[in-house]
Amino acid sequence: RACPAGGPAAMAQAGVLPTEETAPQAVPPSDLPMNGCEVALNAGPGYSSGLATAGFHTAKYLSPEWHQSISDLYRKAFTACEQAERGRAEAKELAEHVAGTVQHAQQDSVATLGQRLRDIHFWKAELQKEIEDLDAESSLLAAQKLRLERALDATEVSYAIATDNLQCRERRQASDLVSDEVERELLKEAELIRNIQELLKRTLMQAGNQMRLNRDHKEICEKDWSDKVETYNIDDKCGRYSNQSTNIQFHPSSVKYEESASTPETWTKFSHDNIYRAEREKLASINLRALINNILHDVSEDLKMQCAAVNEAFAKRCGELDETKYKLDHHLKKILKEIADQEANIAALKQAMKDKETSMKVAQTRLYDRSFRPNVELCRDEAQFRLISEVEELTESVESLNKKLLESEQSLRNLEDTRMNLEKEIAVKTNSIFIDRQKCMAHRTRYPVVHKLAGYQ
């Protein structure tokens, strides 16, 4: 390329031949060097100071100075070209380096975003799994809670039956109003049911609290999962940006760190802690479900055993009542027969006493008539003694019969009293049998089955 000034001679003088045309360079403005030499006045022999050259006698550069000035200008132009060429080379190298650095930085950013997407996807998947597990666990716990509610309703029926049995047995009469084995078992059953109801209510409250905790931690995980989904979409969109994208622009204010921004460690710890707490509540829910299952199993078995004990006590008591009533009926029959026999005996005694009156009349009449014997004929003969003895014997016999009659009548009264007592006792036993068998045991046939007590129905 041609230099701005000097030509080939100046190039030869510099000893460098440029081979590439350079772009026009702007030479920075600078002050020209001051001429440090003074032109000597021409005062030699040829000097002329005539009027004809008066206008040309001014101070001027000499030829060597002119050549020196031109050489300096050539040299400055060459130096400017050389600097410009070196600047272009450096600029090209810098541009290539910057382009490579930018491309590498952009590739690193894409790779980093890709790794970030993988991390987000991992925690998002873990959170989603935990959400699904918590949802499934909450459904299972809700089913157990429903079993508790059904079991509690079943115990209400059991308690109503037990209290109704106790109230019915309060209507027993007289001697049968006793604290027997049936009453003790019924009281034990009622107390057991009340304790079970308190246990079921506490367990229901615990299940409700656990379901609330499951729901709260599920919402926390869902919020974290939702944030991760949104972040994943943002980072995925950022990873798809390229230099050819049409929706990119300058955002100078974005190149800063937010004061509230988390670090990778706190970011990871946040999701890890959410999952850890959710896992802990899920484990607590699983343990609670197992506890509920055991409680319902034990409750149903305890109530079943106590119900069987009450039924057995009822059956035994009814058997005792039946046997007692049978014996009372048997004794009543004997008493009735004895009453009939005693009545016949009394009638016979009265008849015997009545029959003795005639004999007494005969004997006393004889004695009376013989008392009218005259004078010495009024003799205490053997006949007189025999008649007196006969009257005395008849009197003793009548007194004995009368005494026996009184005893028999008293015995009859006692038999009648015994009959009445037996009949009353039989009526009491009949009432007790009706209460225990027809009322209580019939009502106990409605006692909830084991499946209902375990909350399955």
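Helices are DSSP runs of H or I with at least four residues, and strands are E runs of at least two, numbered from the N terminus. Welcome to a predicted model, in which local features need pLDDT of at least 70, side-chain atom pairs count only at pLDDT 80 or more, and totals for chains, interfaces and linings use all residues. Residues are numbered from 1 along each chain as its sequence is written, and side-chain values use heavy atoms, leaving out hydrogens and water.

**Overall make-up**
- The protein has 6 helices and 0 strands.
- Of its 457 residues, 27% count as buried (under 20% relative accessible area; exposed is over 50% and partly exposed in between, with a 1.4 Å probe and protein chains only).

**Salt bridges**
- The structure holds 33 salt bridges, each a side-chain nitrogen of Lys or Arg within 4 Å of a carboxyl oxygen of Asp or Glu.
- E407 and K404 sit 3 residues apart in helix 5, about one turn of the helix, and their closest N and O atoms are 3.2 Å apart in a salt bridge.
- E407 is partly exposed at 39% relative accessibility, and K404 is partly exposed at 41%.
- K129 pairs with D133 in a salt bridge, with the closest N and O atoms 3.1 Å apart; these residues lie 4 apart in helix 2, about one helical turn.
- R289 and E137 also form a salt bridge (2.7 Å, N to O), linking distant parts of the chain: R289 is in helix 4 (residues 264-370) and E137 in helix 2, 152 residues apart.
- E137 is buried, with a relative accessible area of 4%.
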